[in-house]
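Take a moment with the model below.

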Amino acid sequence: MYTTLEKIREHSPCADGWTQLLAHLGKTKADSTPLSLSVILESNGLDDTLWCFQAVDGFEREKRLYVVWCARQGQHLMIDPRSLTALDVAEQFANGLASPEELAAAAAASDAAAAWDAAAWDAAA
């Protein structure tokens, strides 16, 4: 997957990450030269690379599936079934098997689960 420095700049990157990437590339300003996400990973690490997904045109299915895959790496920590259902629905949506309405409903239920868990932790503290 590729983006450009101009597309990254449109999303207002953090100053430190931007400076680091420019230095790695030996540049002083944004341009329209194709830039591989693997180069961003090499320069700035995983967090900045994932952030740069928003500056990649297309590949919506692949980006969604990757985000689901990342979340599944920690799904053993999810105790509310609504959160697990949200992952399943997000994956189905990426594959064209769930509607935007189903995705929104699953996300809302997952948000409610997270709010409930946060309230429980606050009460226990």
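Predicted model: local features only at pLDDT ≥ 70, side-chain atom pairs only at ≥ 80, totals over all residues.

The largest nonpolar core has 12 residues in all: Leu5, Ile8, Trp18, Leu21, Leu22, Leu35, Leu37, Ile40, Cys52, Phe53, Ala55 and Val56. Three helices each supply at least two residues of this core: α1 (5-10), α2 (15-25) and α3. The largest share comes from α2, with 3 residues.

Now pick out one member of that core, Ile40. Leaving aside residues up to four places away in sequence, Ile40 touches Thr3, Ile8, Leu21, Leu35, Gly45, Asp48, Thr49 and Cys52. Among these partners, Ile8, Leu21, Leu35 and Cys52 belong to the largest nonpolar core themselves.

Next comes Ser43. This residue sits in helix α3, which covers residues 37-44. Is Ser43 buried or exposed? Ser43 is buried, because its relative accessible area is 12%, and buried means under 20%. Which residues does Ser43 touch, not counting those up to four places away in sequence? They are Gln20, Leu21 and His24.

Step back to the whole chain. The protein has 7 helices and 2 strands. Along the sequence their pattern reads β-α-α-β-α-α-α-α-α. What radius of gyration does the protein have? It has 18 Å, whereas a compact globule of 125 residues would have one near 14 Å. The C-alpha trace spans about 50 × 40 × 20 Å along its principal axes. Of the 125 residues, 26% are buried.

Take the contacts between residues at least 6 apart in sequence: 52% of them join residues at least 24 apart.

Ala113 gives a view of another helix. Ala113 is found in α7, which runs over residues 100-124. Ala113 counts as buried because its relative accessibility is 0%, and the cut-off for buried is under 20%. Ala113 touches Asp80, Arg82 and Ser83, again not counting residues up to four places away in sequence. Where does Pro81 lie relative to Ala113? The two are 32 residues apart along the chain, and their C-alpha atoms are separated by 8.6 Å.

Turn now to the loops. Most residues other than glycine have a negative phi. Two residues here call for a closer look. Ser12 has a positive phi of about 55 degrees, although it is not a glycine. Ser12 is found in the loop between α1 and α2. Ser12 counts as exposed because its relative accessibility is 58%, and exposed means over 50%.

Phe59 also has a positive phi, near 60 degrees, and it is not a glycine either. Phe59 lies in the loop between α4 (46-51) and α5 (60-72). Phe59 is partly exposed, with a relative accessible area of 42%.

The protein exposes about 8000 Å². Carbon and sulfur atoms supply 59% of that area.

Key: Residues numbered from 1 in each chain as written. Heavy atoms only, no water. Helix = DSSP H or I, 4+ residues; strand = E, 2+ residues; numbered from the N terminus. Rg over C-alpha atoms; globule rule 2.2 N^0.38 Å. Buried < 20%, exposed > 50% of the residue type's maximum accessible area, 1.4 Å probe, protein only. Contact = heavy atoms within 4.5 Å. Areas by Shrake-Rupley, 256 points an atom, 1.4 Å probe, with all protein chains shown as cover. Core = buried A, V, L, I, M, F, W, Y, C linked by side-chain atoms within 4.5 Å.
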